[in-house]
Amino acid sequence: MNPITDKITRILKLEQEKGCQDTAVIGGLESFIQRWKDDVTKSHPDQETAELAKFVADRLSDYASREVPARTDAIKQVMDRLRKVPQREGKPAPRTAPPRHRSKRPAQRPQNLEMPIQSLSGISETYARRLARLGIKTVRDLLFHFPHRYDDYSALKQISALMYGEEVTISGAVQRITNRQNRRGIIITTGIISDGTGQIQATWFNQPYLLKSLAPGRKIVLSGKVDEYLGRLTFQSPTWEPLEREHIHTGRLVPVYPLTEGIGRLWMRRLLKRVVDRWARGVPDPLPPAIREKYKLLGLAEALKQMHFPDNWDRLAQARRRLSFDEFLWIQIGVLRQRRRWHAQTGRAITVRPEIVETFQSTLPFTLTGAQQRSLEEILQDLGKGEPMSRLLQGDVGSGKTVVAAIALLVTMADGLQGAVMAPTEILAEQHYKTFTKLFAENGKTNLPCPTLRLLTGSLSKKERELTLAEIEAGKANIVIGTHAIIQKGVNFHDLGMAIIDEQHRFGVQQRALLRSKGHYPHILVMSATPIPRSLSLTLYGDLDLSVIDEMPAGRQQTTTKWLTPQERERAYAFVRRQVQEGRQAFIICPLVEASDKIEAKAAVDEHARLQKEIFPDLKLGLLHGRMKANEKEDTMQRFYRQELDVLVSTSVVEVGIDVPNASVMLVEGADRFGLAQLHQFRGRVGRGEHKSYCLLLSDASSTEAETRLRALEETTDGFALAEVDMEMRGPGEFFGTRQSGLPDLRVAKLSDTDVLVEAREAAQEIITADPTLSRPEHRLVVKQVDAFWQQSADLS
């Protein structure tokens, strides 16, 4: 006789005899197991009994919602374990401590959220590997694996009120249930469910065990889409649950999770329900209570519970707000902490000589716009301070950022320090080199300092590179322009005073940090031709001061943009030909190929061959793609620039850095595959000369989203307005291209949630102001979360 196992063994044997239909005890096996577990752990408070009770409860969890084969297997596992329990006397084991202390201890035990997922009952090594494909390796990962949508089955409807096409939940009793096999061997289970107001037929395929699970008289809840067959309303493969239990698949807002091969939606939902119920309450809440109260936020445990299994839409919104607030807060604290660290460094004040600035501006063939002048003054003011500048200069394509940067470099050089400009591609670096050389060409005639410029790229010969490096180290090269070659080992500046990073989002963190390390806390200016929405600037560049050139120079050509369907392609080709006949040139951008740059390059080669042979056999076509060698790209660009080529067929490599004043047409194939910001950058490649320019977008716009993007591009040339639309539609990660934003993955927050973003930034400033080093006890968990969050991208250089 064993008082621990006898009762449960009898009940499980009875359940086996009844075919595992969950009819051995009134109220179902799950509720009995829970009562049994409570009873035996109280009467036998020893470790061995606790482990046995946990094993039984875990193996039989979600018993009512399992199919019969799964129930049979679970009971077999439990019975095998019970047989191995040694016989005991009827008396409970003596207590070694007062009962009240015993009962409290489990609640105080900290939960290990980093526990491997296979430690949970029911997760085999096979399932662990499948879950790993979803990024789920620990219990914490599971808790933060959120639904990507919810099906609303919360309102029960009467059968008599159902309408075709509705997604509904009903409750009723099974009237009859039958199995039949069709000619193809598929077993079709058909049930009739009644709720007193009417009847409806439900059909399932290849689930013969439902004949026992849905025995006549059983009361169930059904959710699904109302279909029609031979004039009658029906359900096809609806989800169902017993009426008496807590529902997770029906009768509520039902979570729909991201899945992978081998992981079913019902299995994932049951697993998450079990994990949320068991573990969510043990997740420590890192937000200080004062912050939670001030911003009226849910506790973290409740937010997790409501994100997975919301009581209603309002509670779901509250949960989203709390978790979005957390993500924004970790970003804001990260960038503000970095900003404080950077500004705490002692830099060198550069002497700004107004006469140099004024004289240089007088040599320019144009007058700076008000926005350029304002941005220049902000930069020069920073240079004159004793702390290192850390500023973002934002400006649309053609807004005149380069001339502002040139003046800042000239001021730095005039004070005896070196300047550096780092660009993401050789083409762009060479473009800058030519532009700066041209801007400084008149300096000697006006007694201005004449800087010695050097270009440092991977294309230099060994001898050229060695000579350039020697000039940089000796201080003979005043301004160095190049690619990431600038930050490589062996590049030693004599005295770097200012560094400019162009197109910041194309560089990783380490590059930014390495450039800073090339001098004694040099002044840093980040330039971006990609208009960035203010919400993203606050988030991504919160550690930088912001200057915006939001005004275009006088006389800048407006480019006419037209969206054409594929049926109008011949018309577009004819227009390109007319422009070439008038002495202009054109770009043709190949469709974006997601698979790889190798496949994209092949597509570009094929498209170039087709256009040359079939469409423009009498014109000179060039080809540019990412797999070409640097010298091949440069040669092609030089030929296009010198007007030796009429049309340049290219992949998206032309997005930045190509300035051909004679080019007047930008034709983009498959325009719906590109983001708004990228299309706007393409458009910026034309209209840089005196001729009227055009951007033609070829696309069938198969989705509403694509149509919205293309219409927006037709209607406005304001890059900042387009950026807001683009980011709202696609999110920050896609906004910059795959993982180029440097922003950690946001699981819940959307950068369109500006109200929450502003609140989180305010809270971050409060925390950093009150505790700059985040060393107070109440901020211990905050620091842990911020560090863990930013480890995803490490962009805190």
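So, how many bridges join strand S13 to strand S14? Five, and the two strands run parallel. Before I go on, keep in mind that what we're looking at is a predicted model. If you want to find these strands, S13 covers residues 496-502 and S14 covers residues 523-528.

Okay, let's zoom out. Those two strands belong to an open sheet of seven strands, paired in parallel. Reading across, the order goes S11-S12-S10-S13-S14-S9-S15. And what stands at the edges? That's S11, at 453-456, and S15, at 545-549. Each has a single partner strand, so one side of each is left without a neighbour in the sheet. Going from one strand to the next, the twist averages 20°.

Now there's a helix packing on this sheet: H16, residues 426-439. H16 touches S10 (418-422), S11, S12 (479-482) and S13. Its direction makes about 175° with that of S11.

H23 is residues 676-683 and H24 is residues 704-715. Their axes come within 10 Å and cross at roughly 35°, and the crossing is right-handed. Who makes the contact? From H23 we have Leu676, Leu679, His680 and Arg683, and from H24 it's Arg709, Leu710, Ala712 and Leu713. Sort those residues by type and you get five nonpolar, one polar and two charged.

Technical notes: Residues numbered from 1 in each chain as written. Predicted model: local features only at pLDDT ≥ 70, side-chain atom pairs only at ≥ 80, totals over all residues. Heavy atoms only, no water. Pairing = 2+ DSSP bridges. Helix = DSSP H or I, 4+ residues; strand = E, 2+ residues; numbered from the N terminus. Axes fitted to C-alpha atoms, helices over the stretch in contact; angles between N-to-C directions. Contact = heavy atoms within 4.5 Å. Left-handed = near helix turned anticlockwise from the far one by under 90°. Nonpolar A, V, L, I, M, F, W, Y, C, P; charged D, E, K, R; others polar.
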